[in-house]
Amino acid sequence: MAIVSPSLLAADFSALGKEIQTVASAGAEYIHIDVMDGEFVPNITVGPCVIAGVRPCTDAVFDVHLMIREPIRYVKEFVKSGADILTVHYEACSDPAETLRAIRSDGIRAAISIKPKTPPHLIRDLLPLCDMVLVMTVEPGFGGQKLIPETLDSIRETARMRNEIGAQFFIEADGGITAENAPALVRAGADVLVAGSAIFRAPDPAAVIRTMKNC
Ligand code: DX5
Ligand code: ZN
């Protein structure tokens, strides 16, 4: 069984609360919220006030993916907005360990993310500070891209390091995930599947969520 985390990037922004309730009642345990700053990635999305605005709509876990430079500056604001998991990019932090510690010390789960070309061994020493590792399966910045097959090796490598050090963190995969490629990601070691287009653009989002959960 996988945990499904629908990415709001592909949702109807004029009805965010309703979109969240639809996927949560279809069995999505997490809600993935992509925060982009137009610097770390060439796109701008939403910030803490939008997260706080939709927080009362659901009890689902808010899985907040920060694609921003030096996210340590905004940890407190995102915690206050209602994030349950805060993911920061290894490539965007001058001190990733300090950033992960800051998140945990505010009482929520901390996660590190790596871009497709970042080798997982670079985050090895950070793993004891992580509740989750997000392996990007596309270049971060935009929804609707095709999954890069080589990123499955990064998921396998991350799962191997997890075994080696006897850690418990979840592995999350994000980008280009569909009901068709989901089983291969779970076999590689992913516990949490993020999907935007495949869920929100489907005629029956609940059916896609069920299929992904059961793989
Ligand atoms: C991309 C984001 C993803 C994206 C996934 O930078 O991190 O979460 O929204 O969207 P799909 O599933 O459409 O690739
Ligand atoms: Zn994301």
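These legends accompany close-up views of a predicted model.

**View 1. An open sheet of eight parallel strands.** Welcome to the sheet, whose strands run in the order S1-S8-S7-S6-S5-S4-S3-S2 with parallel pairing; strands are DSSP runs of E with at least two residues, numbered from the N terminus, and two of them pair if DSSP finds at least two bridges between them. Strand S1 (3-6) and strand S2 (30-36) form the edges, each pairing on one side only. From one strand to the next, the twist averages 25 degrees, with angles running from 0 to 180 degrees between N-to-C directions of axes fitted to C-alpha atoms.

**View 2. Strands S7 and S8, with helix H8 packed on the sheet.** S7 (residues 170-174) and S8 (residues 192-195) run parallel and are joined by three bridges. Look for Asp174, whose bridge partner in S8 is Val194. Helix H8 (residues 205-213) touches S1 and S8 (contact: heavy atoms within 4.5 Å), and its direction makes about 145 degrees with that of S1. Helices are DSSP runs of H or I with at least four residues.

**View 3. The buried residues of helix H1.** In H1 (residues 16-25), Leu16, Gly17, Glu19, Ile20 and Val23 are buried (under 20% relative accessible area; exposed is over 50%, with a 1.4 Å probe and protein chains only). Down the helix axis, these buried residues fall within an arc of 160 degrees, so they line one face of H1; the arc is that of the directions from the axis to the C-beta atoms. Lys18 and Ser25, on the other side, are exposed. Among the elements covering the buried residues are S1, S2 and H8. After H1 comes Gly27, with a positive phi near 110 degrees.

**Notes.** Residues are numbered from 1 along each chain as its sequence is written, and chains are lettered from A and ligands numbered from 1 in the order written. Local features need pLDDT of at least 70, side-chain atom pairs count only at pLDDT 80 or more, and totals for chains, interfaces and linings use all residues, while side-chain values use heavy atoms, leaving out hydrogens and water.
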